[in-house]
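Trainee: I would like a close look at one part of this model. Please take me through it in one connected answer.

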Amino acid sequence: MKNLGLYIHIPFCVKKCDYCDFYSLCHNYELEVEYINALCSHIKAEAHLYKDYNFDTIFIGGGTPSVLNLESFEKLVNCIKKHLKLTQGGEFTIEANPGTLSREKLECYRKNGINRLSIGLQSTSNKELAVLGRIHTFDEFGESYYLARECGFDNISVDIMYGLPNQALDDFKKTLDHVCEFNPEHISAYCLKIEENTPFGKRQDSLSLPSDEEEYEMYMTLCSILNKKGWSQYEISNFSKENRRSNHNLKYWQSEEYIGFGPSAHSFFNGKRYFYSKDIKQYIKQANNGNVVRISEDEEGKTHIDKMDEYVLLKLRLSDGISPAEFEQRFGKSFLSEYPNIEKYIKSDHVSIKNGFYSFTPKGFFVSNYILTDILHF
Amino acid sequence: MNEKQKNIRNFSIIAHIDHGKSTLADRILEYSNAVTKREMEEQLLDNMDLEKERGITIKARAVRIDYKHKDGQEYVLNLIDTPGHVDFNYEVSRSLNACEGALLVVDSTQGIEAQTLANAYLAVDCDLEIVPVINKIDLPSADVDRVRGEIEDVIGIVAEDCPAVSAKVGLNIDQVLDAIVEKIPCPQGDENKPLKCLIFDSHYNAYLGVVVYVRVIDGVLKPGDKIKLMNTGAQYEVVEVGYLNAFGLQKADKLSAGEVGYITASIKTVSETRVGDTVTTVENGADEPLQGFKEALPMVFSGIYPADGARYNDLRDALEKLKLNDAALSFEPETSIALGFGFRCGFLGLLHMEIIQERLEREFNLDLITTAPSVIYKVEKTNGETIMVDNPSNYPPTDTIKTAYEPTVNASIITPTEYVGGIMDLCQDRRGIFKDMKYLDSTRVELHYLMPLNEIVYDFFDALKSRSKGYASLDYELAGYEPSNLVKLDFLLNGEVVDALTFIVHSEKAYTRARKIAEKLKENISRQLFEIPIQAAIGSKVIARETVRALRKDVLAKCYGGDITRKKKLLEKQKEGKKKMRRLGSVEVTPEAFMAVLKLDDND
């Protein structure tokens, strides 16, 4: 039996944050009920495709999945359990935002098998939280966090951000220190990216953002402090305690397969990449009619080289990097003769070799797009 | 003199750009029924697309028109079109030499401009009868009386009863034809004298070889005649002679004194038939050629390189094809460390350069990188040797130079009075030496400056236009070489000299130029993983420095299931951009960087 990852998209939020460009709507109960029904029909209708697979990771993401009413939540989880084969002890994550969690909810999550919680904090400064358009304060995060611990969550991830408007290196260090004090098992730290069609994108010019150099300093500080305090980096933006990496997210970077359900959800299944359109009404309609349209992401005539490139660019997001031996086994070609340019970045300390594995250094991670355009074929 | 010549009128139309020369030519052809309106392609004489777009005539053409005058007699009118830009002054003068008269077209809303004057003086030099024609009288802002006065005062020719027309709407064109017949003298050649024909243009035709356009001064020319080009000494046998009508070539038995027509003689390239050369017969030929022959000498040089090195051969083929019809274009292979294989091309002037570049890109579909235009410097070295330098990288080291000379021009600028101050500042800044200033009337001034050509070839024309809201006009002619304190300015990227950026500059301007170009380069070099110093140096002395800081951040921090395809597309796009970069040693530079250093607006 082969393993698969499962992603469920919950496109609802209490309020959309000013920087976010993920597909998400303002939460309303009627739509939630309609949507969960549609999701369940979709899962049920497709279940036969996955009868030969074990789902060893499940990730309920969003949006803010923790806005779901418990009734809806249980309906969804029951549907998943009923129609798909889950690996015993597999990773089961739900994303949550402070301000949407309660003891009742957290207990219900535990009861239903959720064993990993990913909490969006972003900053420990209430001023920065307000700038980002978050609905919660730092204190509310603390309450949710301790509540989760009390309810038995022993695998918690916290999301933070840097490169925020008016943020100085010291401001970010404070957030970092505060988060470390909570001692979560996992930390994701993202550099704010201004996306078009977001409130931030529209007032980009009036946002006083740190320079590339300052962001670089924040990133280097992030990597070194977390490393010193016991979280080891395993991906460009992800850090964890031992054995606490996100197994679900690792699938994305290791070119392993996963299927997604919900509008805008992406899948990689049987070697093919596809997604569903970003329109909840349309999704509900199609799911109820039993034909959710898959939109293929694969270009015509995808070659061996394309597949190698994709593998390399994903693998190089990981601190473990690429094993030339594994590459050769997978593609039947020598890694270095396919990607000879990578070697010149060793001297400049952007790339390192450890135990024969090629990987980016933190400095290299932060300019990885530039280096990838040099080493990949395309 | 025979009777036939009495009814021939050979004339040109001269004008400042946009004063309506080509439109008037069209109307004359139409009115005299050389073409009907239906057959008329707008502005028949300008038959290159590029000319139409730019509204200028690049190559001269000639048309023979049969016209019945009101006196009842049939006349042959030969209209010889002239190129309308300062770069082609010599060609204009040869066309004028083939005529006895010229129509001087002046826009009644603008009055006399720099090229009106320059062309009028050329016509006077050629002893032509000048017939002013005041055009665009249909426009509300037309001021015919003022322009008449201006022509009389400034040029000194009678304009009291000259035709006032609207070529656009076809008003009073009959008066123009009458004036041609009545005012322009007939040719005075002698059929019995040895043959002398003036070559005023030629073009390459795939079937006939070179078609040579001539004005027969004396003698008679027939197919089968053995001819000689007196300045080059080349000999040919005439295959065909004839006239040029509105739609092409019309064969004839012979061409005789006073007539305008063409010759074919299995000639392979236009560079063999130079404009201004004299055609005579091999036997019993003329003793002396016609005066005024000059070889078309390129004045402005620039390196032209294919953006894609693999297209070097395509570029060579394209230049060869253009050269077939353009004797003034010169090119020879050149190698640049920065840009690879390309050609050093010589042009008559900036417009000529722009036209060639545009034709290469448009007609031959080439992507080009061009280096900053340069002029030819004359250098007397301490060892007694004198060299001409058309490529700045070849400029000798300062300690081997005794005296350096640069070409200068007499520039004439006509401008509305309110812009005089700004323009004088500009000329001063460009090292111009003020000669004189003349009021054409109470609102317009003509300024004369002696200026180094190298100050004009960069962006002088653009600067002039921007300082005069587009109203000032410029004309210039070469005025010889002057000693000058020149230095060679090198640019180093990451410590390495980029030969394609090297240029020659007057020592007083070296610092400002160096600083400006260094800044421009900084804007045009994208960040790389290491810091890139940009240095401007004279010899080993660095006089300006900028730094392109190292790239610190180029990352997609967040990449999950949904982002994989998107991320790949982003990287592909980024890679596409990178492919267009030129590698200069260890530094990648956009092709635009080379162009950016060309345009340095002083008003910045």
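How much area do chain A and chain B bury between them, and what percentage of it is on carbon and sulfur atoms?

Mentor: The model is predicted, so every value here is computed from predicted coordinates. Chain A and chain B bury about 3600 Å² between them, and 56% of that area is on carbon and sulfur atoms. On the side of chain A, the residues that lose the most area to chain B are N369(A), Y370(A) and F378(A), which together account for 20% of what that side buries. In terms of contacts, 42 residues of chain A meet 30 residues of chain B.

In one salt bridge R549(B) is paired with E213(A), and the closest N and O atoms are 3.8 Å apart. That separation lies within the 4 Å cut-off for a salt bridge. The polar contacts between the two chains come to 19 residue pairs, with both residues at pLDDT 80 or more.

As for where the chain A side comes from, five elements each supply at least two residues to it: strand 8 (186-191), helix 8 (212-228), helix 9 (247-253), helix 11 (304-315) and helix 16 (368-375). Helix 16 of chain A gives the most, with 7 residues. By residue class, the side of chain A that touches chain B divides into 19 nonpolar, 14 charged and 9 polar residues.

Chain A is divided into domain 1, residues 2-253, and domain 2, residues 302-375. The C-alpha centres of these two domains of chain A lie 28 Å apart. Between them about 1200 Å² is buried, and carbon and sulfur atoms give 64% of it. The contact involves 14 residues of domain 1 of chain A and 11 residues of domain 2 of chain A.

Across this domain interface of chain A there are 2 salt bridges. R317(A) forms a salt bridge with E235(A), where the closest N and O atoms are 2.7 Å apart. Polar contacts across the interface of domain 1 and domain 2 of chain A number 5 residue pairs, both residues at pLDDT 80 or more. On the domain 1 side, helix 8, strand 9 (232-235) and helix 9 of chain A are the elements that give two or more residues. Helix 8 of chain A has the largest share of that side, 5 residues. The domain 1 side that touches domain 2 of chain A divides into 10 nonpolar, 1 polar and 3 charged residues.

Chain A has 16 helices and 16 strands. Its C-alpha trace spans about 60 × 50 × 40 Å along the principal axes. The radius of gyration of chain A is 21 Å, which agrees with the value near 21 Å for a compact globule of 378 residues. Chain B has 15 helices and 32 strands. The radius of gyration of chain B is 27 Å, close to the 25 Å from the globule rule for 604 residues, so chain B is as compact as a globular protein of that length. Along the principal axes, the C-alpha atoms of chain B fill a box of roughly 90 × 65 × 55 Å.

Note on methods:
Residues numbered from 1 in each chain as written. Chains lettered and ligands numbered in written order. Predicted model: local features only at pLDDT ≥ 70, side-chain atom pairs only at ≥ 80, totals over all residues. Heavy atoms only, no water. Contact = heavy atoms within 4.5 Å. Buried area = accessible area lost by both parts, 1.4 Å probe. Salt bridge = Lys/Arg side-chain N within 4 Å of Asp/Glu carboxyl O. Polar contact = N/O pair within 3.5 Å; in protein donor to acceptor, adjacent residues only side chain to side chain. Helix = DSSP H or I, 4+ residues; strand = E, 2+ residues; numbered from the N terminus. Nonpolar A, V, L, I, M, F, W, Y, C, P; charged D, E, K, R; others polar. Domains from an automatic or database assignment. Rg over C-alpha atoms; globule rule 2.2 N^0.38 Å.
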